[in-house]
2 protein chains.
Amino acid sequence: MITFQPLGTKLMYKTLLPLLERWFDEAELQGFSLPYSYHSDSQSDAETFTKKAKSVFEVFMSRMGSCYPFHQAAYAGQMLKPPHPAAWLAYAIATSVNTNNHALDGGPETSEMEKEVIRSLSRMVGYEPGTTLGHLTSGGTVANLEALWVARCLHPNKPVLFSAQAHYTHSRMCSVLGISSRAIPFAFGSEEEVDRFRASIAGAGTLVVTLGTTGTGQTEPLDVILPLCMEAGVRVHVDAAYGGFFTLLKNSGFLRSAPFEALGGADSIVIDPHKHGLQPYGCGCVLFKDATVGRFYKHDSPYTYFSSDELHLGEITLECSRAGAAAAALWFTIQLLGLEPDSAFAAMLRQCLEAARRFASVIGDDPRFELLMQPETDIVCYFPKAGTADDISRLSREIFRDTMQQGDKSLYLSLYKVDGKEFSRLFPHVESGNPTEPVTLLRSVFMKPDHLVFIHEMHNRLRASLQRITAQ
Amino acid sequence: MITFQPLGTKLMYKTLLPLLERWFDEAELQGFSLPYSYHSDSQSDAETFTKKAKSVFEVFMSRMGSCYPFHQAAYAGQMLKPPHPAAWLAYAIATSVNTNNHALDGGPETSEMEKEVIRSLSRMVGYEPGTTLGHLTSGGTVANLEALWVARCLHPNKPVLFSAQAHYTHSRMCSVLGISSRAIPFAFGSEEEVDRFRASIAGAGTLVVTLGTTGTGQTEPLDVILPLCMEAGVRVHVDAAYGGFFTLLKNSGFLRSAPFEALGGADSIVIDPHKHGLQPYGCGCVLFKDATVGRFYKHDSPYTYFSSDELHLGEITLECSRAGAAAAALWFTIQLLGLEPDSAFAAMLRQCLEAARRFASVIGDDPRFELLMQPETDIVCYFPKAGTADDISRLSREIFRDTMQQGDKSLYLSLYKVDGKEFSRLFPHVESGNPTEPVTLLRSVFMKPDHLVFIHEMHNRLRASLQRITAQ
């Protein structure tokens, strides 16, 4: 067994903790308020508090310690990874001040940092920072809600379209907003399919294109879709919540460049820094190519803010109070790691893609497993070979359960359901019992660079599991 | 000048930092991943990183240090206060793991903590925890959006009503949801007014009542409104985003008890732990009295989760990814400080109310100032006396600017606009130039217990400012 110990952990946090300590030393001079201490400031009260804090902390720590090992390479289940320690540090410091990026007054510097990171992200996607409107949100749902709300403001009576691969939040937020919406096929293999697409977008207001679907990590062909939509007068919103940061790798040969090169032509874009942006939850982001959509956000508040002549973030968000800490952490991360194609940030993403590729290649070479498709980003869907779709589903579920019950040699995966008919189309040699039933496959998300050196061990654990199951 | 140094700061953080350090020592055994270090793990790379981290940190710290002094008693402007250090610690630890409370799988323990704090908050407001549905949100806007969305699900074609004092988010979210909405007078002084109220709620779906308006901190008479709404078949949603935690003081004599005693009769309630709940942003909460509204949230996702037979928080939220850290921090705080009428938590709130009362009494006794009204919670609105409304507005604005430019003796307030006609009604002796123009007053939010010992110094600084301005 490979004992997998990421290197440098202690070094990193030991570097950061004294900085944190120094912050508190300096913060004391600014007069931190400590609500608990105002009853009494006697030494005995402080001792009682310290004792209780330590005892609650014991329980807390033991509970937190019972999490699935999200940090380890052995966890390749859902989209979960710890933030970069630098993001963590900045977040921790900023929460101690607790600025509110609703208004400049609630956190002048964290609001300024938010504007700076919005400019960086705008440049990254190919927008002109000077004419872009954007802000951070508490997450991807709110970011997509705002983009769809603006879609409704611009085209109140026209439907929103997306592919069947789009995240369920789109149909849900359309229903919250009372917008009619539907899924249409995104197929462009033949002239006939393109014509069918043209016909289906006629009269639509906005089309949602996903770069990095949450199911299989696919990048929908924005480059093909965009000119067709422009021709038809249909707006394009890109949900790049998961895949947005891969834009940094567009010319690296690690992914299909064209959809990312087309990104700057989209009308709005959602990216979640709390996914691949190395940030803690919740940090989403919405960007609008045309800053004049800011007019829809306008509202009046009875409180006056100090600095009303500058851009006031509360005027261009649907949310009110928002954590300044999210902006601080993202600002710090971008300053430290860079946000260019040759940055440490980009290198981290490249390692994720490389891990997925290598794993797909190992699985593709193993006669006992089969890939659903070649991965387009860092998510791989695959299954144990079997004669019938039912057997594939059963084996997948068994491997899923068995792999995470192996102590030190556990593996944490997720399951993915594919439409039965679609599966039959892709794998006609597999006997489908009931084609209306979805087929359950295995899914692995390679969003941690640690996976890169873990591929073969992961494959070993998978094989061992299959062996255990079929030997029964 | 009083040098205002909160006591015990260093003691508190010095207690907490070693706990944090210990967490990282133990976390290393769990295999934290550090994306930056995977290129190379050489000592020189580590040194380069450390050097850069320190240099970016210098800039960061100097920028954060230039914030308004939100922590000090001298800041009594907007609703801003630092979280309790215990909340800070738990938040910092939990972000290092970065669990996602979308699903039990994303953070089994932080999801469980979320369920536990929801039970505590339900009990606090007088709901039966076993039959209540609730969850944390990223903030008050999303919490209110969900409550209004459920209002629409139950009564798709009926309007939502609120008083003119309701937060602007209600009319805004109603417009996002496509619900018709309007403000109605909340006046119950005479039988005639009650009849007028009865007439105006006829046919409505849901009425929003605010406990702790963000403008003046008023608690609307929920106890009077609730029976009238029940009689008319109108649902009641309580926006207690700001004032919810004051429920702990309902029998303390510090506030009007009846509206808080009626809270358990409301159909839904929003409370923001990131306001008076000692939490960092973003932490809101929505509670529904009747758990069966959960049916509106149902959706299907193509990924399978490990523990689908238990309550899965993603099934009862509109948001998808949510910070498990918010639940962890609130859980830790409640465990440590308690959430009962005799808890340290309640004592902290009592000190805020007491500070506001004392300040109101000092201002009421000063012939140069006048109160807009007696404070109902911890927000005080007041103004420098003058013969005309225009002079009052001008002097308020001048004091607002002047007080924050006095270096060590600065004071940070906010401005509040009152409808001109309403002001004339309350202060008929003041000459109103143009009654359609709002009158600008001063507003102070006493949400930090530190204010309690700062009242007289605050009054001194206000008087000095008025003197400077009128001497010119």
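**Stop 1: the largest pocket**

Start by selecting H7 in chain A: with four residues, H7(A) gives the most to the lining of the largest pocket. You're looking at a predicted model, where local features need pLDDT of at least 70, side-chain atom pairs count only at pLDDT 80 or more, and totals for chains, interfaces and linings use all residues. To find your way, count residues from 1 along each chain as its sequence is written, letter chains from A and number ligands from 1 in the order in which they are written, and remember that side-chain values use heavy atoms, leaving out hydrogens and water.

A quick word on labels: helices (H or I, at least four residues) and strands (E, at least two) are DSSP runs, numbered from the N terminus.

What counts as a pocket? On a 1 Å grid over the protein atoms alone, a pocket is an open set of points with protein on both sides within 12 Å along at least five of seven lines, while a cavity is a set where a 1.4 Å probe fits but cannot get out; lining residues have an atom within 4 Å of a point. The largest pocket holds about 1,400 Å³ of space, where grid points are joined across faces, edges and corners and the volume is the space filled by probe spheres set on the points.

Which residues lie nearest the centre of this pocket? Pick A:Ser163, A:Ala164, A:Gln165, A:Gln218 and A:Glu422, out of 43 lining residues. Colour the lining by type and you get 20 nonpolar, 13 polar and ten charged residues (Ala, Val, Leu, Ile, Met, Phe, Trp, Tyr, Cys and Pro count as nonpolar, Asp, Glu, Lys and Arg as charged, and the others, Gly among them, as polar).

**Stop 2: chain A and its sheet**

Of its 472 residues, 65% are buried (buried is under 20% relative accessible area, exposed over 50%, partly exposed in between, with a 1.4 Å probe and protein chains only). Among contacts in chain A with a separation of 6 or more, 73% come from residues 24 or more positions apart (a contact is heavy atoms within 4.5 Å).

Next, show the strands. Seven of them form an open sheet of mixed pairing, in the order E1-E7-E6-E5-E4-E2-E3 (chain A) (two strands pair if DSSP finds at least two bridges between them). E1 and strand E3 (181-183) are the edge strands of this chain A sheet, each pairing on one side only. From one strand to the next, the twist averages 15° (axes are lines fitted to C-alpha atoms, for helices over the stretch in contact, and angles run from 0 to 180 degrees between N-to-C directions).

Select E1 (residues 133-137) of chain A: five of its five residues are buried, so this strand is largely enclosed by the rest of the structure. Five bridges join E1(A) to strand E7 (residues 284-288) of chain A, and the two run antiparallel. Click on A:Leu136 to find its bridge partner, A:Cys285, then on A:Thr137, which stands opposite A:Gly284.

**Stop 3: helix H6 of chain A**

What does H6(A) lie across? Select strand E2 (160-162), E3, strand E4 (206-210) and strand E5 (235-239) of chain A; H6(A) lies across them, running at about 170° to E2(A). Seven of the nine residues of H6 (residues 169-177) are buried, so the helix is largely enclosed by the rest of the structure. Among the buried ones are A:His170, A:Met173 and A:Leu177.

**Stop 4: over to chain B**

Select B:Thr169, in helix H6 (residues 169-177) of chain B. Buried or exposed? B:Thr169 counts as buried because its relative accessibility is 3%. Leaving aside neighbours within four places in sequence, B:Thr169 contacts A:Cys320, B:Thr141 and B:Asn144.

Now go to B:Thr219, in the loop between E4 and helix H8 (222-232) of chain B. B:Thr219 is buried, at 4% relative accessibility. Its contacts beyond four places in sequence include B:Thr210, B:Arg256 and B:Glu376.

Finish at B:Glu437, in the loop between helix H13 (420-426) and strand E12 (439-445) of chain B. B:Glu437 is partly exposed, at 46% relative accessibility. Draw a C-alpha to C-alpha line to B:Gly420: 17 residues apart in sequence, 5.4 Å apart in space.
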